[in-house]
Amino acid sequence: MMNLSSVSKSYYASIAALLISVGFAFFAILRQDAVMGIGAIAVSGLNLAIFLWMRRANASVEKASAALTKAAEGNLDARVLHIRGQGNVGSMLRNVNRMLDITEAFAKEASFTMKAVGRRKYFRFISTRGL
C-alpha cells in the first residue's frame, strides 16, 4: 500500500466530493426538485473549484519533489520552473530555488578553492553567507 501525503489525500477526497455532488445534482434534476437541484449544482461548482485548486497544489508539490530529487542525486542545476502562486506553496517553491542557488554557489566556490589549494594558492575565500 502506498503512503499518501495530506495533499494527495485532499486531492482524491475532492474528486470523491465532486462526483457525489454531481450525482446529487442529477438526482435532483430527475426528481424535478428545483431547490435541491440549485443547491446541488452550487455545491458541485464549489467542489470543482476545490478539485482544480488541489490539482494545482499537488502539481506544485510534485515540481518541488522532482527538483529536490535531482539535487539529491547531484544535479545542482535543477530548479522549479513556472512558479505561479503567491501563497504558501509559491513561497515554498521560490525558497526551494533559493536554497538550490545557495548550495550550488557554495559547491562551485569550494571546488574552485580546492583547485587553487592544489596549486598551492591559498588566497580564495569561501563565502558562507546563507548557509
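## Basis

Residues are numbered from 1 along each chain as its sequence is written, and side-chain values use heavy atoms, with hydrogens and water left out. In this predicted model, local features need pLDDT of at least 70 and side-chain atom pairs count only at pLDDT 80 or more, while totals for chains, interfaces and linings use all residues.

## Overall fold

The chain holds three helices and zero strands (DSSP runs numbered from the N terminus: H or I of at least four residues for helices, E of at least two for strands). Its pattern along the sequence is α-α-α.

Of the 131 residues, 24% are buried (under 20% relative accessible area, with exposed over 50% and partly exposed in between; 1.4 Å probe, protein chains only). Take the contacts (heavy atoms within 4.5 Å) between residues at least 6 apart in sequence: 47% of them join residues at least 24 apart.

## Helix α2

Helix α2 runs over residues 34-72. Its 39 residues should span 57 Å at 1.5 Å a residue, and the end C-alpha atoms are 56 Å apart, which agrees. The expected span is 1.5 Å times one less than the number of residues.

At the start of α2, a side-chain oxygen of D33 comes to within 3.4 Å of the backbone nitrogen of V35. After α2 comes G74, with a positive phi near 105°.

The buried residues of α2 include G37, A40, S44, N47, F51 and M54.

## S21 in α1

S21 sits in helix α1. It counts as buried because its relative accessibility is 6%. A polar atom of the S21 side chain lies 3.0 Å from the backbone oxygen of L18.

Beyond its neighbours within four places in sequence, S21 is in contact with A40, V43, S44 and N47.

## Largest pocket

The largest pocket contains about 200 Å³ of space. Its lining has 14 residues; R56, S60, R84, G85 and V89 lie nearest the centre. α2 gives the largest share, five residues. Both α2 and α3 supply at least two residues each.

A pocket is an open set of points on a 1 Å grid over the protein atoms alone, where a 1.4 Å probe fits, with protein on both sides within 12 Å along at least five of seven lines; lining residues have an atom within 4 Å of a point. The lining divides into five nonpolar, six polar and three charged residues, with Gly counted as polar.

Conventions:
A polar contact is a pair of N or O atoms within 3.5 Å; within protein, one must be able to donate a hydrogen and the other to accept it, and residues adjacent in sequence count only if both atoms are side-chain atoms. Grid points are joined across faces, edges and corners, and a volume is the space filled by probe spheres set on the points.
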